[in-house]
Amino acid sequence: MNASPRFDRRWWYGLPLALLALMLLFEPSRLDFAISDLFFVQGQGFIGRHNSFLEDVLHDRAKQLVIVIGALAIVGFVLSLLPTRLRPLRRTLGYLVLAMGLSTSFVTPLKKVSQMHCPWSLEQYGGVEHFSPLLGPRAEPVDKPGNCWPGGHAAAGFALFALFFALRNTHPRCAKAALIAAMTLGVVFSLVRIAQGAHFLSHNLWTASLCWLISLAVYDLMLYRPSSELATDLIAFTN
């Protein structure tokens, strides 16, 4: 096994953690509302709310594509447990299944706990609910509890950060392409849901940061092999 390319944990962990801390210290609602206002037309609602292309293609079909990737990873991992050509990739495929699974499964529990409303439900955008910040007390719901933080659709795109880390040790060029693809899909998915009034910008920034941290942490534990550690393993093997 080759040694993994080095990375600076201070930056790779520090930048997303700093972004999360910044959003906790400085409530981002002004920026959230300013951006969502760009996609809202008084008397008509959010411009993407009933757009069939955004809903059918960039929401439903695109998410299904990511589900297919996850399903292929699971099938590959199962096959790697058998005496097949995929056996040498068992750890990498296992990482991919775990990282993608964790990157998508954290969303629903946090939605249930946070109970934040979608923009389209708020009185500022023609709804009936009152806005309340993430760490503030929940405003008395007029209709029902919210289910919109963090961004679930964005997680489908940002979960592909795991592909970058899965390829990083052995195929660095493909890894960079996977990183660009994950960022692009995550950003597109985020913009789609903002245009539809389903999420604020900060919802998706939380999702992106958490998906990155999950994929990075699992990579650090499962796949990262610095040269010093590899040398120690080789010495132990030869002895």
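Visitor: Is C118 buried or exposed?

Guide: This is a predicted model, in which local features need pLDDT of at least 70, side-chain atom pairs count only at pLDDT 80 or more, and totals for chains, interfaces and linings use all residues. Residues are numbered from 1 along each chain as its sequence is written, and side-chain values use heavy atoms, with hydrogens and water left out. Buried means under 20% relative accessible area, exposed over 50% and partly exposed in between, with a 1.4 Å probe and protein chains only. Because its relative accessible area is 7%, C118 is buried.

Visitor: Which cysteine forms a disulfide with C118?

Guide: A disulfide is a pair of cysteine sulfur atoms within 2.5 Å, and the structure holds one. The sulfur atoms of this pair lie 1.5 Å apart, and the partner of C118 is C148. The pair links distant parts of the chain, 30 residues apart, with both cysteines in the loop between α6 (107-114) and α7 (152-158), where helices are DSSP runs of H or I with at least four residues, numbered from the N terminus.

Visitor: What is the relative accessible area of L81?

Guide: L81 is placed in the loop between α4 (52-80) and α5 (90-105). L81 counts as partly exposed, because its relative accessible area is 42%.

Key: Helices (H or I, at least four residues) and strands (E, at least two) are DSSP runs, numbered from the N terminus.
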